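Hi everyone, thanks for making time for this. Have a look at the sequence and the model on the screen, and I'll walk you through a few places in it.

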Amino acid sequence: MSATSSTTSAPTENAAPENDFLAADAGLRPPGPTPSQSRFQVDLVAEAAGANEDKSPSSDASTTVPSSDKVAPLEALSADPGVGGEEAKGRFRVVNFADPSAAVSAASPEAPPAESLQNGDTVMSETSLHSSTGGQHHYHYDTHTNTYYLRTFGHNTIDAVPNIDFYRQTSAPLGEKLIRPTLSELHDELDKEPFEDGFANGDELTPAEEAAAKEAAESKGVVKFGWIKGVLVRCMLNIWGVMLFIRMSWIVGQAGIALSCLIVAMATVVTTITGLSTSAIATNGFVRGGGAYYLISRSLGPEFGGSIGLIFAFANAVAVAMYVVGFAETVVELLGSGVVMTDEINDIRIIGTITVILLLGISVAGMEWEAKAQIFLLVVLVTAIFNYFIGTFIPVQAKESEGFFGYHGSIMWENMGPDFRGETFFSVFSIFFPAATGILAGANISGDLADPQLAIPRGTLLAILITGLVYLGVAVSTGSCIVRDASGNVNDTVSMKHLCQKMSSESNRLICLQSFVQVMSMVSGFGPVITAGIFSATLSSALASLVSAPKVFQALCKDNIYPGLDMFAKGYGKNNEPLRGYILTFVIALAFILIAELNIIAPIISNFFLASYALINFSVFHASLANSPGWRPSFKYYNMWVSLAGAVLCCGVMFVINWWAALLTNAIVLGLFIYVSYKKPDVNWGSSTQALTYHQALTHTLHLSGVEDHIKNFRPQCLVMTGYPNSRPALLDLVNSFTKNVGLMICGHIRTGYRRPNFKDLTTDQARYQRWLLKNETKAFYTPVFAEDMRQGTQYLLQAAGLGRLKPNTLVLGFKNDWRDGDMMNVETYISMIHDSFDFQFGAVILRLKEGLDVSHIQGQDDLLSSQEKSSGMKDVIVSIDTSKDSDADSSKLSSKATKKRSPTLPLNGSDQRLLEASQQFQKKQGKGTVDVWWLFDDGGLTLLIPYLLTNKKRWKDCKIRVFIGGKINRIDHDRRAMATLLSKFRIDFSDINVLGDINTKPKKEHVSAFEEMIEPYRLKEDDMEQDAAEALKDNEPWRITDNELELYRAKTNRQIRLNELLKEHSSTANLIVMSLPLARKGAVSSALYMAWLEALSRDLPPILLVRGNHQSVLTFYS
């Protein structure tokens, strides 16, 4: 290998920005592959060209195609120089993605022409396989013939080295999403069909994410902001509200310098902790648009995110009205009483309406114009603040009558302590705290930030620091140069040493710091600049809220958390502006402006913001507590316990500001949380709620494993041999009825008859049917296995199903109705499964319906699953199921054909109609009736426990338990009293106890004859043949019934026939019969005879459940 070939063009450190790269090669790149197409495309090299290249001594280097850092860094190399032209026939050349160096490469005569650039990143040979998927093209990887090799670390391989593009979720401007070679492509045998392409590492996108990806891919020249313009400016403008100019001096007058600084510090602590938490979440992965909603929903899940997102967007919309009304009130006050259009309230409404229309125009014009307006407003605001501080150093004689004397130690000392007049510390704090909010103004436009992970932490925390220092500076300077009380009379301005005494004794005084809200305007160097600052503060806050609300609401609607709001998800223009959201926000703001009285709504809005802060803090604590490997924020300056303290502080401040508003906020959040939880939106964001649930489940499972089982805590944990969960609905529904919220239920499915088991399909089916169970609110786990036969698969499940103490203890089977129709070796396998369950110390339960259990052969059953999957947004289609009718030995054959929505099904025949109705009988509420318990043999109490659990459920609560036991005729009353005493000690309600004294009576002759006729084909009849022949036949057909065996168990056979007669006599109208399962000694009773006993016992009856526990007590009367 030449030196040139081993040193292909590497990614340069000073590569062009990714946006530029995509824009540059957009014309050369064909559209990305669709799921039905190959992810790899190749360019066929003509035979002559291949021969000419092979003649070149430097062909190994000349055919190298430069590799971009935007694709898998694989090297496409030609064949070795020694390879002849004949061997190059039909080969493929790999052509990589276009990259910035492509233009240079194209100039070289060795490089491929520009028009040949393809989306290829590997080599393959293509064959058309006419499979059941409909003749699609599939690709076989051939590393031995007819391909040029890919080279990684100098070796021929299609294995890819780590690359950022493999981990992307969208084709956003940050770069293309590529799909690494799948494990199947690297690992499968060469003659095996590779699996269908899919998303790797669970990166399948939700519809909302796909839409975002499409919009991102289409947008060119999008305006993105840095951390200063995008976050710092917005946060500072939002935090510096009108409170700075109008209320700060009043707060100092009430609380004094020391407590005012404490108030500012407390508010800053809350906002700083929230800022740290916001920074931690924002740096734990790529942040899209949506601000607080996005951060909370992706961390805590859609329930919290959806509830907070809605009220946060609404709070921002109403905040627009609050700020605009504040602006309008200031304008009306400045105009004075001489300039009135109608009256004061209507003037506020008119000015507010005009103002909000102008703000809407700026917002709709685009984020760029809005950002320019914010910069202008910030300049005005900063000028006003400097103007105030400059004014404090310029004492003016005329201002002394109004209380301003310049900096003086005695004034500072006098104002150091509080002087509350009708207020308390917390009431003053509640008035100031809204001035500290607004720290999420930058995060709310996260989708418009060039680098949210850098911008949000840096801009937010710096804004909190700067604004906090300015608030402290204003508090100290105001208290140091202005007295609390002034008369406004020039003659009252006496010498400084008598000032405080004079002001306190003056009866006719103005209250300066206490109520004169224009103190800062009076103190400043030039008063109108302060007025401009007030205008700037109100308008900038209104503008920020007017932009934040639609952005947050758009992100909420894109995720489709609330059905019906998706119309507001649509964006317009290159910046994906939510114009519909702007209109909605404008309408809400205008409605509250027209009210013009916002004193009641203001505390609710503040509480809405605080609820968002509390949840952001709680998100960090929750994510840290869950200890998920995915929680890896690059911002390290946070602590889970500090974040928890921040969440508690936010909740405390909510009640300090206004207790009834806090209660109302919590009620609204709780209501929305319950609604979203009930709707169960089809999203999966890998939230910390999922991580903590896993962590707790793992911890509790391990803890449970260290505790010995106790009889009081016994619960039936069932391994139910359902096959596909939707193929035996009656079996699934009945077991679910007594295990739901009580015990474990595992749906076992044994797939047999596969020469080459496809484990990928097994995994896919497991996920699909688990979703089906959840969709049907069946609390169970689906566990399929591949096995040689049914018995082996059952043994696998009996041994391995479950985890720790969460392991099955009861095997549940459907009765094998067709046992006489098929191969008797299937019966041998079926009975062996029952024997195996007892060998593993499991209980055994068999359900029989006279109509049968298996409905998978009825057309449309699999469509039911398909339709439910489609309704939940699933992309895959359920496979068709073809099983033999009523066969419990589930040898379901998986059809390789994907089913599509069928045409209307044909009318069912009578038997299928009855079967379908019977399969749904346990889904309906059972009316008044009975559950008859034939507790003939003591198995530890499972036969009694199951009906008790069943009748505790809502569907079965109207059914009464009747108990039937065996006894002697001369002891019937005694046996009944003994059983009643036992049941009362077990605290199990019953309606009646029947003692059967005639169990051992001989059955009717016709029934005995019918039984003998039934077993006739399965008898060995060893007396009629040679001993060797009989033994050979028994070895080959172990299920056959010997004459000796039949005679030995004659009494037991008669008992089963007699019990069937008694069942028909006493329980023919029961909703369900629960009966002790007869046992057969392993090795002594043939499977045909045992099966015949079960048939004779349970035929022509209502639904019957044959139960046998493992003879360990499951009931106790001890406390």
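Let's begin with R805, which counts as partly exposed because its relative accessibility is 25%. This is a predicted model, so please hear every number today as computed from it. What does R805 meet in a salt bridge? The partner is E708, with N to O at 3.9 Å. E708 sits in the loop between α26 (688-705) and β10 (718-721), and R805 in the loop between α29 and β13, so the pair ties together parts that are 97 residues apart in sequence. E708 itself is exposed, at 66% relative accessibility.

Now to another salt bridge, this one between the side chains of K1082 and D839, at 2.7 Å from N to O. K1082 belongs to the loop between β20 (1072-1076) and α39, while D839 is in helix α30, so this pair ties together parts that are 243 residues apart in sequence. D839 counts as partly exposed, with a relative accessibility of 45%.

That brings us to α30 itself. The helix covers residues 824-839, 16 residues in total. From first C-alpha to last it reaches 23 Å, close to the 22 Å expected at 1.5 Å a residue. Is α30 largely enclosed or largely open? Since 12 of its 16 residues are buried, it is largely enclosed by the rest of the structure.

As a reminder, an α-helix has 3.6 residues a turn, so residues three or four places apart point the same way.

After the helix you'll find Q841, with a positive phi near 65°.

Back to salt bridges for a moment. K1064 pairs with D1100, their closest N and O atoms being 4.0 Å apart. K1064 is in helix α38 (residues 1050-1066) and D1100 in the loop between α39 and β21, so the pair ties together parts that are 36 residues apart in sequence. K1064 is partly exposed at 33% relative accessible area, whereas D1100 is exposed at 55%. There is also a network of salt bridges that links E1016, R1019, K1021 and D1043. The count of salt bridges comes to 25.

Two more residues, then I'll zoom out. T1116 lies in the segment after β21 and is buried, at 17% relative accessibility. Its side chain reaches the backbone nitrogen of Y1118 at 3.2 Å. Setting aside residues up to four places away in sequence, T1116 touches I711, K712, F986 and R987.

A436 is in the loop between α16 (425-432) and α17 (452-481), and it is buried too, with a relative accessible area of 8%. Leaving out neighbours within four places in sequence, A436 contacts I239, A267 and T271.

Finally, the whole protein. It has 39 helices and 21 strands, and 52% of its 1119 residues count as buried. Of the contacts between residues at least 6 apart in sequence, 80% join residues at least 24 apart. The protein exposes about 50,300 Å², with carbon and sulfur atoms supplying 58% of that. Thanks, all!

Definitions and conventions. Residues are numbered from 1 along each chain as its sequence is written. This is a predicted model: local features need pLDDT of at least 70, side-chain atom pairs count only at pLDDT 80 or more; totals for chains, interfaces and linings use all residues. Side-chain values use heavy atoms; hydrogens and water are left out. Helices (H or I, at least four residues) and strands (E, at least two) are DSSP runs, numbered from the N terminus. The expected span of a helix is 1.5 Å times one less than its number of residues. Buried means under 20% relative accessible area, exposed over 50%, partly exposed in between (1.4 Å probe, protein chains only). Contact means heavy atoms within 4.5 Å. Accessible areas come from the Shrake-Rupley method with a 1.4 Å probe; for residues, only the protein chains shown count as cover. A polar contact is a pair of N or O atoms within 3.5 Å; within protein, one must be able to donate a hydrogen and the other to accept it, and residues adjacent in sequence count only if both atoms are side-chain atoms.
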